[in-house]
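Please read this briefing alongside the sequence and the coordinates.

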Amino acid sequence: MADNTAITPENTSTPQEDHTVDAAGQVAAAPAPEAAQEQPAPTEDAPTQSAPVAPKPAKPKAVPSPAALAHKAPHVKAAPAAPTYSQEEIDKAEAFGRVDEQGNVFVREGDQERQVGQFPNAEAKEALNLYARRYLDLKEKLNLFASRLRSPKIKAHEIDESLTSLKEETKQPEAVGDLAALRTQLDQLAEQGQARKAELAQARKDAMAKAIKERTAIVEKAEELAASLGDSTNWRSTADKFRSLFEQWQQHQRTTIRIDKADADVLWKRFSSARTTFNQARRKWAQQRDAQRSETKRIKEEIIAEADQIKDSTDWGPTSHQFNELMDRWKQAGRAGRQDDDALWARFRQAADVFFNARQADRDKTSVNERENLTKKEALVAKAEALLPVKDAKAAKQARQELAKIQEEWDGIGFVPRDDVRRIEGRMDAVDRQIKAVEDAAWNQSDPEADARVSSFEQQLAAQLQDLDRRIAAEQDPAKKQELEAEKATKEQWMNAVR
């Protein structure tokens, strides 16, 4: 088969989804102003207005997981614009923090405070605004993750990775705002994430069952085809059906969920087994067909050789019968393949045409001669009919002599067309019978027992004439009617002679 491509059950890659948002739905925090540099809080031994302290290193950004990177689209999209927050949102967040005289920034968590950073040489409002925006950025990540949970494209591993990342970021965030509410929101998102994972798992299970059912339907069709193979199989049509099923298999791999390897292997083994059964059966059939064609070709070569031997024969009848027998053997031999059959038939037809064309030419020549013979015999029979009527023995004797000459010439002419033989010979026989009737009557008159015979013969003739009148009146065929009338005329001659 043309489609015997070596493949594995699941070697066709499936299209990857485009992800415009990372797994955690994270948005980078707004950068701090260039003048704002975080510094560590002063210790008890150091004066509050000492030399500038080295800025606290910024917390590294979260690095996407390999899975998240693998699922990113091959093209780079523009980064989303930094979110903007209303003054009301900023004020609410700032209410959970304060800035001391040294620029230390604190956030209130329940009944306790926690220092989240330092922003010296800046106004308190500016410092709180910076850390409040960090809080709002973190809250925006949670909101984006909540939106992402509703996406039909999200994967279970993305949920786990996003939750892990968000829990780490909300554990001790350097931000000012309602951190308790933020963690509560994260807990709720964790519960929603688990529920969404359960939905995804069930959806995957349903999709897997559907894919297996569809793949199994393809396999069962292939197995039905393999089970239906036999002497009457149309191998070309069946090969097309297997090719179509294989294309359906590949299309199914490309467009549906990836089936578990164990199930895919089982189904592929069944499908491959059905195709192998078909291929082996077709190969066996092809071998048998080739052997049969070779034998058929040999037989037809023999028939052609016999036809070549008798094609020049002029023994028309027996040779025609021989050609008919050769034709019967040709039909019984079967087929040797289209190309060979056409060439072999052309050779056989050539030999047959040589004979049958010659026979037809001979028949055409014979037909012309027979029509000429018919014209000659028509003239002779007219000449014979002119000898009638014969009234006495002397006239009968003279007519007999003339008729003998005519019949001698008649026999030398030859055959006439078959359809005219009965008619033309019937007319000649009628002349002979009338002359003979007069001759018989003359002989009967000289016979001592003639009177008795004449009386009996006359009665027989009368009965025969009555029967002939009845048959002539009932006859519809003109040719037969003409024969009956000729017979009646002869018997009337006999009756006249007897009387």
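**Hairpins, sheet and helix packing**

In the hairpin of S2 and S3, where two residues lie between the strands, Gly110 adopts a positive phi near 70°. The model is a predicted one, in which local features need pLDDT of at least 70 and side-chain atom pairs count only at pLDDT 80 or more, while totals for chains, interfaces and linings use all residues. Residues are numbered from 1 along each chain as its sequence is written, and side-chain values use heavy atoms, with hydrogens and water left out. Helices (H or I, at least four residues) and strands (E, at least two) are DSSP runs numbered from the N terminus.

**The chain as a whole**

- The protein chain contains 13 helices and three strands.
- Of its 499 residues, 33% count as buried, where buried means under 20% relative accessible area, exposed means over 50%, and partly exposed lies in between (1.4 Å probe, protein chains only).
- The protein chain exposes about 31100 Å², of which carbon and sulfur atoms supply 50%; accessible areas come from the Shrake-Rupley method with a 1.4 Å probe, and for residues only the protein chains shown count as cover.
- Among contacts in the protein chain with a separation of 6 or more, 74% are accounted for by residues 24 or more positions apart, a contact being heavy atoms within 4.5 Å.

**The three-stranded sheet**

- The three strands form an open sheet in the order S1-S2-S3, with antiparallel pairing; two strands pair if DSSP finds at least two bridges between them.
- Strand S1 (97-99) and strand S3 (112-118) stand at the edges with a single partner strand each, so one side of each is left without a neighbour in the sheet.
- Neighbouring strands of this sheet are turned by 25° against each other on average, direction ignored.
- S1 and S2 run antiparallel and are joined by three bridges, and Gly97 stands opposite Val107 in S2.
- Strand S2 (residues 104-109) is joined to S3 by six bridges, again in an antiparallel run, and Phe106 has Gln115 in S3 as its bridge partner.
- The hairpin of S1 and S2 has four residues between the strands, and Gly103 there takes a positive phi near 85°.
- Helix H3 (residues 124-149) lies across S1, S2 and S3 and runs at about 140° to S1.

**Helix packing around H5**

- Two packed helices are described by the angle between their axes and the distance between the axes; axes are lines fitted to C-alpha atoms, for helices over the stretch in contact, and angles run from 0 to 180 degrees between N-to-C directions.
- Helix H5 (residues 179-227) and helix H7 (residues 261-310) have axes that come within 8 Å and cross at roughly 20°.
- H5 and H7 are therefore roughly parallel to each other, given that angles under 35 degrees count as roughly parallel, over 145 as roughly antiparallel, 65 to 115 as roughly perpendicular and the rest as oblique.
- The crossing of H5 and H7 is left-handed, a term used if the near helix is turned anticlockwise from the far one by less than a right angle, with right-handed used if clockwise.
- Residues of H5 including Ile212, Ile218, Val219 and Ala222 meet residues of H7 including Leu267, Phe271 and Ala274.
- The axes of H5 and helix H6 (residues 235-255) are 10 Å apart, and the two helices pack at an angle of about 165°.
- That angle makes H5 roughly antiparallel to H6, and the crossing of H5 and H6 is left-handed.
- Where H5 meets H6, the residues involved include Ile218, Val219, Ala222 and Leu225 in H5 and Phe242, Leu245 and Trp249 in H6.
- Helix H4 (residues 156-171) and H5 have axes that come within 10 Å and cross at roughly 170°.
- H4 and H5 are therefore roughly antiparallel to each other, and their contact is made by residues including Ile159, Leu163 and Leu166 of H4 and Leu182, Leu186 and Leu189 of H5.

**Individual sites**

- Leu388 and Pro389 are joined by a cis peptide bond with omega of about -5°, and Pro389 is found in the loop between helix H9 (338-385) and helix H10 (393-413).
- Gln459, found in helix H12 (residues 450-474), counts as exposed at 57% relative accessibility.
- Gln459 and Met495 are 36 residues apart along the chain, and their C-alpha atoms are separated by 9.5 Å.
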